[in-house]
Structures are given as structure tokens and as C-alpha cells.
Amino acid sequence: MSEQIIIRQATKADLPGAVEALVDAFKKDPVMSRALGGQMRIRRLRALFTFQIEHHFAQEEYGIIDVAVDDQGTVLGAALWESPERKNDLMKDLHSARGYAKALKLGLARAALVEVGLLRARPVFTHWYLYCVGVHGSARGKGVGGALLEYRCQQLGEYPAYLEASNYDAAALYRRHGFIEMGGFGKLSNAVLGMWRPSPVSVIDKNRGKR
């Protein structure tokens, strides 16, 4: 593998590689394992990321996909961000429910319970949401995850960002990039922390003195 790493927003051609990088990164993840556990875990994980990327994060009105690639264009890692400007759409939500059911099959109920627990703890303030960032095993230890985080964190504009760290090593990486731990989720997973990155633009300073 080339040592050169390029961070950019994903193109359509990058999407299959993004799926595979995320599947490899999360195949032993404690939260994903809890949600998708069983002998079909890897197949469900691939179906889940494929559906989410194609029908959600690849859509401009929903979010953004960032990828890390080498100079041959091989995807080494990916980050999925939900936009703070995403609007709720009942018909799309219903389509998503059918899509998740098709992808996860018998794993849907387990995944839904985990997701509901996480959603209940999400901040109500408008924010970017980092759904996940993952690096393929062949590229770990080369700073790919940190580079993906830094790339998007420099472009968040006036909005803060939120994520759930699925283990403490990941949480330490997020902390180095400005995320603050908010607390755990009890029985949902002993190793999960909600983390918040304040907006780089102070609303107080921006609006102070205005009438």
C-alpha cells in the first residue's frame, strides 16, 4: 500500500470501498455486535452499511461521506456524517424502516433496541452527528482515522458535533480532536460514551450587542 493518504468527500465510485472498510472496522465493535449479534453478524453489517450509505449518507440533503484513499484510489477508511440541516421526512422514514427490515431481517428488533437507547440520549440542539468513522485493518496505525476526523472538523461551520464512542480507545482519539465526554449509557454498553464538540463559532460572541 502507498504511504500517501488523501482525505476527500466520497464519489459514487468510492461507495463500495467505503462499505468494505467500515465492515472490516466494525466487525468486532461492541455496539454493533450487540445490535447485530449472531452467526449472520458480518452479512448483516455489510447489508446495514450498504443501505445506510446508498439511501442516507450519499444523499446531499441527508449527510456527507468522507473517505481516506491511497494514491491508487483504494479506500482505506470512511466517516459518515449526518447534516445538522437534515429535515425529517415521514415517507423517507417509512422507506428506511422497510429497508432496515430487509437488510437486518431477524436482527432488526435487536438493532432497534440499541438505536432507541442511543437516540434518547442525543442532544436536542442542532448539530452534526458523526454516525461512524472506521479504518480498514490494512491501514490502521497510520493516522487515517485522525485525518478523517480532522478533515471534517475543520468544515463544521457554526454547528457543534456529537458522536457515540463505542470503546475507550476510540474515545481517546475523539478527545484529541476536541470532543468532550458527556457520559455513558448504562446497560446499553459499558464502553460507550456520548461525546460533544462545541461549535468553533461562539453564538454569544456573534450575537452580543445585537438588539
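Two strands are taken as paired if DSSP finds at least two bridges between them; strands (E, at least two residues) and helices (H or I, at least four) are DSSP runs, numbered from the N terminus. The model is predicted, so local features need pLDDT of at least 70 and side-chain atom pairs count only at pLDDT 80 or more, while totals for chains, interfaces and linings use all residues. Residues are numbered from 1 along each chain as its sequence is written, and side-chain values use heavy atoms, with hydrogens and water left out.

In β3, Trp81 is the bridge partner of Ile64. Strands β2 (residues 63-69) and β3 (residues 75-82) pair in the antiparallel sense over 7 bridges. They belong to an open sheet of 7 strands with mixed pairing, in the order β1-β2-β3-β4-β5-β7-β6. Because β1 (6-9) and β6 (180-184) stand at the edges with a single partner strand each, one side of each has no neighbour in the sheet. The twist averages 25° from one strand to the next (axes fitted to C-alpha atoms, for helices over the stretch in contact; angles from 0 to 180 degrees between N-to-C directions).

Helix α1 (residues 15-26) lies across β2, β3 and β4 (128-135), at about 80° to β4. Helix α7 (residues 168-176) packs on the sheet and touches β4, β5 (161-165), β6 and β7 (193-197) (contact: heavy atoms within 4.5 Å). The direction of α7 makes about 10° with that of β7.
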